[in-house]
Amino acid sequence: MTNFTENIAIEGRNLSFSVGTRQGKTIPILKDCSLHIPSGQFWMLLGPNGCGKSTLLKILAGLLNPTDGTVHVKRPRSFVFQNPDHQVVMPTVEADVAFGLGKFNLTPDVVKYRVSKALDAVSMLNYMQIGVIRAVRNSVDSSREVTALWVTHRLEELEYADGAVYMEDGRVVMHGNATDIMNFITTRQSAYIKEINY
Ligand SMILES: Nc1ncnc2c1ncn2[C@@H]1O[C@H](COP(=O)(O)OP(=O)(O)OP(=O)(O)O)[C@@H](O)[C@H]1O
């Protein structure tokens, strides 16, 4: 990996993260992970349950400090939690924004009106009918300033990505363009599918 350059938006170098137990043991969660995401691209982070994706994302987002290694992230960042409350749970932007209104006794027209107002307020009205992943792809495509890193277990979502990072057991196993990652995972698919939990 070269020095941090202008065209890299997110970079982690030799990141490790460990937690200590009450018994004084150290549990390594991330082991010497390096990755770099070019500016203006949409990348994905994949790997079996418990391999360290969320921990790596939290370190890149500045929510956790690595035990070792360095992080460089260009510009302010935002972070959408996979949990709690399964923030992105619905297939479309409209349905996802409407999710919180489900507990109120509102007619479909009122829900639609409120969702439109909310999306309009953040200039996202034209995203209303499209899928969340497509909305992220569009937002990356519409501005060279936006870079996104999306955590998923779904191989089919790689078709939206420019590149991807594949992890296993706390390590970055492969880092590259989406097609190469898709081919790589497909060759390991039977083991991978067994471990993941949709
Ligand atoms: N604070 C912590 N203390 C102890 N173990 C932890 C802590 N944080 C994470 N772990 C463990 O580290 C491993 C990686 O967790 P992480 O949530 O990063 O994995 P993940 O790849 O995002 O998993 P999933 O796909 O299931 O969401 C898991 O075994 C998890 O139990």
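In this predicted model, strand E3 and strand E5 (residues 148-151) run parallel and are joined by 4 bridges. Within this pair, Phe42 of the protein has Ala148 in E5 standing opposite. E3 also has a partner in E6: these two strands run parallel as well, again with 4 bridges between them. Met44 faces Ala164 in E6 across the pairing, and Leu45 stands opposite Val165 in E6.

These pairings belong to an open sheet of 4 strands, whose order is E5-E3-E6-E7 and whose pairing is mixed. E5 and E7 are the edge strands, each of them pairing on one side only. From one strand to the next, the twist averages 20°.

Strand E6 (residues 163-168) pairs with strand E7 (residues 171-177) in the antiparallel sense, over 6 bridges. Met167 is placed opposite Val172 in E7. The two strands form a hairpin with 2 residues between them, and Asp169 in the turn has a positive phi of about 50°. Helix H5, made of residues 178-187, lies across E3, E6 and E7 and runs at about 130° to E7.

A second sheet is also present. It is an open sheet of 3 strands in the order E2-E1-E4, with antiparallel pairing. Its edge strands are E2 (26-38) and E4 (68-73), each pairing on one side only. Here the twist averages 15° from one strand to the next. Strand E1 (residues 8-20) runs antiparallel to E4, and 5 bridges join the two. As a point of reference in this pair, Gly12 has Val71 in E4 as its bridge partner. Helix H1 (residues 53-60) lies across E1, E2 and E4, and its direction is at about 120° to E1.

H1 leads on to the ligand. Which residues lie around the ligand? They are Val19, Ile27, Ile29, Gly47, Asn49, Gly50, Cys51, Gly52, Lys53, Ser54 and Thr55. The largest share, 3 residues, comes from H1. Sorted by class, the shell around the ligand has 4 nonpolar, 6 polar and 1 charged residues.

H3 covers residues 108-121, 14 residues in total, and reaches 20 Å from its first C-alpha to its last, close to the 20 Å expected at 1.5 Å a residue. Is this helix buried or in the open? Of the 14 residues of H3, the number buried is 1, so the helix lies largely in the open. Just after H3, Ser123 takes a positive phi of about 55°.

Taken as a whole, the protein has 6 helices and 7 strands. Read from the N terminus on, its elements follow the order β-β-β-α-β-α-α-α-β-β-β-α-α. Buried residues make up 24% of the 198 residues in the protein. As for contacts between residues at least 6 apart in sequence, 62% join residues at least 24 apart.

Note on methods:
Residues are numbered from 1 along each chain as its sequence is written. This is a predicted model: local features need pLDDT of at least 70, side-chain atom pairs count only at pLDDT 80 or more; totals for chains, interfaces and linings use all residues. Two strands pair if DSSP finds at least two bridges between them. Axes are lines fitted to C-alpha atoms, for helices over the stretch in contact, and angles run from 0 to 180 degrees between N-to-C directions. Two residues are in contact if their C-beta atoms, placed from the backbone, lie within 7 Å. A residue is near a molecule or strand if its C-beta atom, placed from the backbone, lies within 6 Å of it. Ala, Val, Leu, Ile, Met, Phe, Trp, Tyr, Cys and Pro count as nonpolar, Asp, Glu, Lys and Arg as charged, and the others, Gly among them, as polar. The expected span of a helix is 1.5 Å times one less than its number of residues. A residue is buried if 20 or more other C-beta atoms lie within 10 Å of its own, exposed if 12 or fewer, and partly exposed in between; C-beta atoms are placed from the backbone.
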